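Visitor: Could you walk me through this model? Keep it short, please.

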Amino acid sequence: MGSASAFTVYYKNIYLQYAPQLIHFAQKFVNGFYAEDIVQDVFLKLWDRQIFHLPENEIKRILYVSVRNACIDYLRRITLEQEIIDKRELELKIDELNFFESSEDMFMQKDLFALLMKKVEELPERSREIFKMSYLEGMKAAEIAGQLNLSVRTVENHLYRSLLFIRKKSTPLFLYLFTLL
């Protein structure tokens, strides 16, 4: 028990002798708070390695090299963490821009759709009904004809005339919106 106690006293003396110098050395590279942590970690790691039985000049060299390496590891970790944060921040900005672009398209489509529906409401009643069944409900001409008791040719004529009417009333709107539907 006496030798363990003597070792603890020796270890404490080495710590008190070198820790302030090592902290000052580490502060050249990292923040003071982290410099203290690094030096303490180095002493803890070296506790079990029996280096304190070496000559003093060798202990000093090992301590400085260990603190230097610990500072490098810390800076690499911080750099990597910052890169991850920067990358995630960049990804979030890109996601936000993409969302804005898609929501802008959505709002623009809603506005265009509302304008198109105003034009559809100007159609004669039967044409309006057929147009809505075809373009809003997605029904085929034959289905519409069967439901309204009309010929397929009559339904196609109504759709054709409706499209001509809407195209005349709003050419750019028509082309853009019908490429989206």
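Guide: We will go from the overall fold to single residues.
Guide: This is a predicted model, so local features need pLDDT of at least 70, side-chain atom pairs count only at pLDDT 80 or more, and totals for chains, interfaces and linings use all residues. Residues are numbered from 1 along each chain as its sequence is written, and side-chain values use heavy atoms, with hydrogens and water left out.

Visitor: How many helices and strands does the protein have?
Guide: Seven helices and zero strands. Along the sequence the pattern reads α-α-α-α-α-α-α. Helices (H or I, at least four residues) and strands (E, at least two) are DSSP runs, numbered from the N terminus.

Visitor: What percentage of the residues is buried?
Guide: Buried residues are 29% of the 181 in the protein. Buried means under 20% relative accessible area, exposed over 50%, and partly exposed in between, with a 1.4 Å probe and protein chains only.

Visitor: What share of contacts comes from residues 24 or more positions apart?
Guide: 62% of the contacts with a separation of 6 or more. Contact means heavy atoms within 4.5 Å.

Visitor: Which residues have the most contacts inside the largest nonpolar core?
Guide: Leu22, Val39, Phe43, Leu63 and Val67, in a core of 22 residues. α1 (2-27), α2 (32-47) and α3 (56-121) each give two or more residues to this core. The largest share, eight residues, comes from α1. A nonpolar core is a set of buried Ala, Val, Leu, Ile, Met, Phe, Trp, Tyr and Cys residues joined through side-chain atoms within 4.5 Å.

Visitor: What does Val39 touch?
Guide: Ala19, Leu22, Ile23 and Val67, leaving aside neighbours within four places in sequence. There is also a second, separate core of nine residues, including Ile130, Met133, Met139 and Ala141.

Visitor: Back to α2. What is its span, end to end?
Guide: α2 has 16 residues and reaches 23 Å from first C-alpha to last, close to the 22 Å expected at 1.5 Å a residue. The expected span is 1.5 Å times one less than the number of residues.

Visitor: Which residues of α2 are buried?
Guide: Ala35, Ile38, Val39, Val42, Phe43 and Leu46. They sit on the same side of α2, because they cover an arc of only 130° around the axis. That arc is taken from the directions from the helix axis to the C-beta atoms. The face turned away from the buried side carries exposed Phe33, Leu44 and Lys45.

Visitor: What happens at the start of α2?
Guide: A side-chain oxygen of Asn31 comes to within 3.0 Å of the backbone nitrogen of Phe33.

Visitor: Now α5. Which residues are buried there?
Guide: In α5 (residues 141-148), Ala141, Ile144, Ala145 and Leu148 are buried. They line one face, because they fall within an arc of 100° seen down the axis. Ala142, Gly146 and Gln147 are exposed on the other side. The cover over the buried residues includes α4 and α6.

Visitor: Where is Asn149?
Guide: In the loop between α5 and α6. Asn149 is exposed, with a relative accessible area of 71%. Its phi is near 60°, a positive value in a residue other than glycine.

Visitor: Ser162: buried or exposed?
Guide: Buried, at 1% relative accessible area. Ser162 lies in helix α6. Its side chain reaches the backbone oxygen of His158 at 2.8 Å. Not counting residues up to four places away in sequence, Ser162 touches Leu123, Ser127 and Phe131.

Visitor: Which helix holds Phe131?
Guide: α4 (residues 125-136). Phe131 counts as buried because its relative accessibility is 1%.

Methods:
A polar contact is a pair of N or O atoms within 3.5 Å; within protein, one must be able to donate a hydrogen and the other to accept it, and residues adjacent in sequence count only if both atoms are side-chain atoms.
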